[in-house]
Amino acid sequence: MLLSKDPFNVIIGGVGGQGNVLASKILGEMLLARGYVITIGETYGASQRGGSVMSHLRVSAKGPFSPLIPEGKADLLIALEPAEGLRILDVYGYGGVMVLLNTRPIHSIDVISGDASYPELSWVIARIRELSRKMWAFNATEIALEMGNPLFSNIIMLGALSAIEVLPIDREIFEQVIKEILPSKMFEENMKAFDRGREAIREL
Amino acid sequence: MSSVAQNAPGKVVLLMGNEAIARGALEAGVKVCAAYPGNPSSEIIGTLAALAEEMGLHVEWSVNEKVALEVAAAASLAGLRGLCAMKQNGLNVASDFLLNLNLTGCGGGLVIVVADDPAGVSSSNEEDSRIFAKLGDLPLLEPGHFQEAKEMTRMAFDLSEQLELPVLVRSVTRVSHARGNVSLDELPRTHPKPKFETSRPRLALPAMANHRILHQKLRRAKEMFEESSFNSYQGPDQPELMIITSGSGYLYSLEAVDHLHLQERVGVLKIGTTWPLPEEFVLRSLKRSECFLFIEEVDPFLENNVKELFAQNCFDLGAKRFFGKAIGTLPDVGELNPEIVFSAIRALLSVEYQSRSEEYGERVHKAVKELGPARPLSFCPGCPHRATYWAIKTALAMDGREGFVLGDIGCYSLGMGPSGFGQMKTLHAMGSGTGLASGFGQLERFGLQQPVVAVCGDSTFYHAAMPALANAYYNGSNFLLLLLDNRATAMTGFQPHPGTGTKATGEEAPIIDMKAACEVFGAHVEVVDPFEVKRTAETILKLLEEKRGVRVLILRRECALLTGRRQERTFRIEVDPERCLGESCGCNRLCTRVFKCPGLVWDQVALKARVDEAICTACGVCADICPASAIRKEAV
């Protein structure tokens with residue numbers, strides 16, 4: 001599979017603590033193994049704590065690009081949280097953007113305290129659908145909780161990403177990469193999480 | 001095996017900028033690496049620590065940046081190669097030693113990597129460290145991308161040895177905390193024998209003679225930089241506009257030229273050896289154009305240096321126009337991004353550009369308005385600091401004398417915001433909370449009636465609070481210091497410190513007991529678990545009202561993320577819907593409206609509190625706070 005654009009710009013976004021950085025690293029490694037030049041910019045440290053986080057991935061056959069994607073130039077958004085997904089589209093979306101969405105909301109402390117409100121979830125999802133060329137949406141956190149740990153949701157999303165066939169990645173390359181970069185004791189469960197993500201797309 | 005340690009010349013791997021810097025040091029045969037963690041620099045030494053045994057290195061987390069630089073410099077003075085890494089604030093701490101070390105010079109290659117945090121995303125300040133190169137007459141290199149981060153670090157060791165001077169490598173967030181393809185070179189296996197030459201003492205004095213030698217070395221550096229491959233020009237022979245850029249500005253500049261289709265009109269002059277400027281190279285480049293735009297983070301450092309050089313040579317060069325931060329072409333604070341660079345160029349060349357259709361922009365803005373304000377930062381679910389600040393708030397309210405909290409650097413700095421109930425009232429440098437408390441604690445004689453409280457993290461305590469505490473006892477100050485001991489340097493990635501019993505490499509270390517240390521400094525010390533919220537608040541109140549002098553309360557509870565990594569859960573938490581009376585309770589939704597832990601959400605349909613099982617870490621603090629006992633904490 002060839003890139004539909006060069007550079008192809010991916011944003012993985014969500015809330016601090018959702019495993020954003022690890023997801024971008026695994027995706028970057030998979031695409032590197034496919035021979036591409038990758039540039040990733042990401043959020044770390046205090047800026048992560050409970051706040052919005054984003055990783056920007058530029059995939060190119062040519063060379064490195066700036067670690068931040070220019071506004072209105074995201075080709076694919078992997079949103080780990082719906083409201084964060086919509087916020088990212090506000091800056092980086094355009095008519096051609098595709099969105100892979102985890103539909104499980106995480107309420108900010110402003111929403112919890114009642115100082116702000118979280119709109120009806122179906123409304124948020126409908127807006128994202130309207131603002132994207134194509135959207136795939138499912139509750140990855142629910143599947144992760146079924147598996148016993150909400151932290152699997154980022155791996156489930158990567159499994160889903162491989163199934164929507166937008167980027168040249170598959171199960172085989174995922175297996176190869178996690179064997180290299182993740183602790184082996186979690187191997188089976190990570191593969192299972194990846195497969196659950198693939199299934200979730202097939203069931204849409 | 002970590003890709004950083006692979007001896008596979010030619011192999012292309014994906015490395016974070018900080019890992020590329022670590023790899024560059026390994027390819028240069030570094031032997032001693034030391035740092036105090038600080039974002040965005042932390043992963044440099046973190047990466048090397050994990051490889052220390054395999055690669056035969058000494059790698060340490062030092063107690064602060066000055067000591068770290070002294071440790072790395074000792075290696076250099078014994079003929080080995082040493083690396084020291086820090087964030088911008090760290091260089092301020094290390095600068096006293098650095099500005100004497102430049103006079104004595106060094107032996108084995110000594111490289112100081114300083115990673116600046118433009119916009120202060122993970123810092124208390126925004127600062128451009130490059131000024132230290134000028135201040136200390138030291139060579140300065142700035143990598144523009146990942147591959148260069150590795151190459152420059154490796155070359156910096158050679159340069160340091162040739163000049164017998166420490167060399168600064170300056171990175172920024174978007175170099176250090178970005179990832180990209182890096183092609184590896186060979187890893188040498190060197191076994192140099194360290195020896196300190198007693199016949200060559202390293203004395204900063206006589207200062208003036210050494211200052212003169214330093215200037216000679218810097219002139220040599222300038223000559224060497226004239227031929228450096230880190231400086232380059234890409235673009236038309238005589239561009240309408242020449243961008244002069246360094247560091248992170250380089251990729252933004254290339255992207256702008258490409259994106260705005262300006263290859264025929266705009267050239268990019270990249271300077272990698274930023275100080276001393278390669279003057280001949282820059283002067284030759286200045287002849288190509290009449291119009292220049294500087295793209296750099298954070299201050300107009302390159303900009304002012306080039307303009308100074310131009311002023312010296314303006315008679316030969318003729319009239320030129322310079323655009324940059326000095327005259328407001330670009331914002332003079334904050335981080336760069338592609339848009340800032342695009343719009344600066346568009347304004348100068350009158351280029352049309354629209355990032356997306358206006359119609360899309362309008363639709364998405366309208367939708368996002370409904371989402372309300374951006375997500376505020378907060379303590380993680382189960383964070384002991386939330387409980388600590390709750391106890392502080394409770395105790396200060398009960399005390400009623402308008403006591404206030406002097407803050408310090410760490411995750412607990414978020415105590416200034418809603419997550420810490422706005423309790424923290426000052427924020428400056430590492431250890432400054434305790435130092436300020438030492439001063440505020442002297443003001444009673446002038447009529448200050450408010451109780452003085454300082455907070456300080458465990459790692460910060462060893463870094464810079466101990467001298468302040470000694471000062472306080474010696475001079476008879478009067479305050480309460482709260483040591484928030486969460487058993488790690490949590491904000492920067494859980495690095496160990498002298499209180500944890502572990503070294504950077506994971507080896508066992510002796511523990512410097514924080515309580516005993518405080519007692520040596522004359523303090524009355526007590527220890528509590530902040531999760532025992534009521535007891536903690538009562539203890540704070542007691543120490544405020546019943547004791548005088550320097551009092552220390554250690555609030556000891558491991559960081560929730562560390563506990564979470566071991567997947568240990570001691571409780572199961574549930575909200576009993578029968579007992580939670582919601583808005584009609586009279587508690588004013590204490591758990592959600594006031595305590596605000598992200599693990600406890602407000603069910604907008606049932607109008608009651610509910611545990612979010614994807615977030616809750618089951619610390620159980622909320623169960624102690626609910627006045628209706630509606631939150632059940634069951635041991636598992």
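Predicted model: local features only at pLDDT ≥ 70, side-chain atom pairs only at ≥ 80, totals over all residues.
Chain A comes first. Its secondary structure amounts to 8 helices and 6 strands, and reading along the sequence gives the pattern β-α-β-β-β-α-β-α-α-β-α-α-α-α. Taken along the principal axes, the C-alpha atoms of chain A fill a box of roughly 50 × 40 × 35 Å. The radius of gyration is 16 Å, which agrees with the value near 17 Å that a compact globule of 204 residues would have. Of those 204 residues, 62% count as buried.

Chain B puts in 57 residues and chain A 54 residues. On the side of chain B that touches chain A, at least two residues each come from β8 (178-183), α9 (249-259), α12 (338-349), α13 (358-369), α20 (590-595) and β22 (600-603). The largest share, 6 residues, belongs to α13(B). Sorted by class, this side of chain B holds 29 nonpolar, 16 polar and 12 charged residues. Strand pairing also links the two chains: strand β2 of chain A (residues 37-42) runs antiparallel to β8(B), with 3 bridges between them. Gly41(A), for one, has Ala178(B) as its bridge partner in β8(B).

Within chain B, an open sheet of 7 strands has mixed pairing and the order β3-β2-β4-β5-β7-β6-β12. At its edges are β3 (58-61) and β12 (273-275) of chain B, each of which pairs on one side only. Inside the order, strand β4 (residues 82-87) and strand β5 (residues 110-116) of chain B pair in the parallel sense over 6 bridges, and Gly82(B) has Leu110(B) as its bridge partner in β5(B).

Strand β10 of chain B (residues 241-245) is another one to look at. Here 5 of the 5 residues are buried, so the strand is largely enclosed by the rest of the structure. In a regular strand the side chains alternate between the two faces of the sheet. In β10(B), Leu241(B), Ile243(B) and Thr245(B) point one way, while Met242(B) and Ile244(B) point the other way, and all are buried. Strand β10(B) runs parallel to strand β11 of chain B (residues 266-270), joined by 5 bridges. Leu241(B) stands opposite Val266(B) in β11(B).

Stepping back to the whole of chain B, the domain assignment gives domain 1 (3-226), domain 2 (232-349), domain 3 (384-565) and domain 4 (571-635). The C-alpha centres of domain 2 and domain 4 of chain B are 56 Å apart.

Note on methods:
Residues numbered from 1 in each chain as written. Chains lettered and ligands numbered in written order. Domains from an automatic or database assignment. Contact = placed C-beta atoms within 7 Å. Helix = DSSP H or I, 4+ residues; strand = E, 2+ residues; numbered from the N terminus. Nonpolar A, V, L, I, M, F, W, Y, C, P; charged D, E, K, R; others polar. Pairing = 2+ DSSP bridges. Rg over C-alpha atoms; globule rule 2.2 N^0.38 Å. Buried ≥ 20, exposed ≤ 12 C-beta atoms within 10 Å, placed from the backbone.
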